[in-house]
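I opened the model to look up its surface patches, its helix packing and its charged pairs, and I note the entries in that order.

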Amino acid sequence: MYNKQHSIQKVHKIDLTALLLTALLTAVAGELKLIPFYGEAFRFSLGTITFFLLLLIRPVGSLPLTGVVTGLTVVVFRISVEMTATSVSFMESFQHHMPVLLYYIVFTLGFHIIRLDNYRAAPLLLGTWAALFEFIGNGMENLIRIWLLNREALLWKDWALLGGVAMLRSFFVVGLYSSFILSEQKKRVQEMLGIGSNLYAESLYLQKSMNHIEQVTAASHDLYRKLKQKDLQALSVQALAIAQEIHEVKKDSQRILSGLSTITKETSTDRFLLSDLFDIVITSNRKYSDLLKRKVDFRLTMKVDYETNQHIPLLALMNNVTANAVESITHTGAVAIEVSEEAEDLVIMVRDTGKGIPKEDIPILFEPGYTTKFNEQGVAATGIGLSHVQQIIQMLQGEIHIETPEKGTVFQIRIPFHTIRKRGD
């Protein structure tokens, strides 16, 4: 009973769509072929490349089953095509194409034995194993075909060609797969960095709120003592209750802040090039401008580049400034970011062609609650973005200046090298 249930569970794990897709695409791609010797005694086709690539990017769930189904599909497909295009008999066509089934069985059985998933992160070993299994599979396919069709045996140079093609084709597929994986990993890293920078900014805001909570708690407790001294029992009890409730809020906020700090600390363990970080800023804000249905031309000029271990605060800083620049543009405009060095400082200039900031508002620009953004109902935004910016810059021992030309706004940010540059640079 157990074995029966266990086998049923295995069947459910098989992706039938991926299995059929692999078999059909391999069969079709197999008709695009290179025939190096002995007429059609052996073929090098795109089918094996397609097959291996699909095994890597969309696993079916059972390698041996994939090999059998794909091999049978290829055999049937080739027989059908040959009998449709020529007058060859079924038996002759069957004997000619049946050996290819052995190739797919050997290739998948090899990876089943060594466990393919163990080598996905090791491209050199993956390519080597693939070349070995392909060489064995091609060799056995060719030996069966020689036996069935009474062909002449391959010479040493032919075996060398088989080995060379196996190496070339296998590492070509592994290279494609590695490029695909690196692209996906880069996307995930960008997403995680974006989340980490947002959490970092919010943790700063929470820390600031906790300072206010601490002040309110102290004031409430002081009020309690004064009321008690004046023998106002009811009011003093109420003041003490308020102080206790605020203290509970503070403890909850501390727990949340602790969790956020742990996440951002873990995200900050790596080091990134400044150019990579600014590319992420441009990419995310280009998507943001599309979301707002605004056509924004982004320009990035990097005059200096090095590794930094402060990528999370820098991302939070630049995402806030750049997002504000995007929001200031009504329909179409441009945002230019220039990164350079001056003396011992990293200098970042962010220019936009938006509606600008009134000069009289500049002194209060970084105060919490300041905003020029209102929704369709006339409700103001929270206005905490630029407040975050100032906190991060102060933490990095830097400074920010704002210029208001005739059109748009210019933010100039200066940060000392020693606070953001990777040690040892």
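**Surface patch.** I looked for nonpolar surface in this predicted model and found that Met83, Phe90, Met91 and Phe94 form a nonpolar patch with about 370 Å² of accessible area together. Patches here take residues with over 30% relative accessible area and no salt bridge, joining like charges within 9 Å and nonpolar side chains (Val, Leu, Ile, Met, Phe, Trp, Tyr) within 5 Å, and the areas come from the Shrake-Rupley method with a 1.4 Å probe, where for residues only the protein chains shown count as cover. Helix H5 (residues 90-97) gives the most to this patch, with three residues; helices are DSSP runs of H or I with at least four residues, numbered from the N terminus. Phe94 lies in H5 and counts as partly exposed because its relative accessibility is 31% (buried is under 20%, exposed over 50%, partly exposed in between).

**Conventions.** I note that residues are numbered from 1 along each chain as its sequence is written, and that side-chain values use heavy atoms, without hydrogens and water. Local features need pLDDT of at least 70 and side-chain atom pairs count only at pLDDT 80 or more, while totals for chains, interfaces and linings use all residues.

**Helix packing.** I then checked H4 (residues 63-85) against H5, which pack at an angle of about 140 degrees with their axes 10 Å apart; the axes are lines fitted to C-alpha atoms over the stretch in contact, and angles run from 0 to 180 degrees between N-to-C directions. That angle makes H4 oblique to H5, since under 35 degrees counts as roughly parallel, over 145 as roughly antiparallel, 65 to 115 as roughly perpendicular and the rest as oblique. For H2 (residues 16-29) and H3 (residues 46-57) I read about 155 degrees, with the axes 7 Å apart, and therefore H2 is roughly antiparallel to H3.

**Salt bridges.** How many salt bridges does the structure hold? I find 11, each being a side-chain nitrogen of Lys or Arg within 4 Å of a carboxyl oxygen of Asp or Glu. In helix H7 (residues 123-149), Arg145 and Glu141 sit four residues apart, about one turn of the helix; their side chains meet at 3.1 Å, N to O, and both residues are buried.

Salt bridges that share partners join Asp222, Arg225 and Lys226 into one network. I noted relative accessible areas of 26% for Asp222, 41% for Arg225 and 46% for Lys226.

Methods. Helices (H or I, at least four residues) and strands (E, at least two) are DSSP runs, numbered from the N terminus. Buried means under 20% relative accessible area, exposed over 50%, partly exposed in between (1.4 Å probe, protein chains only).
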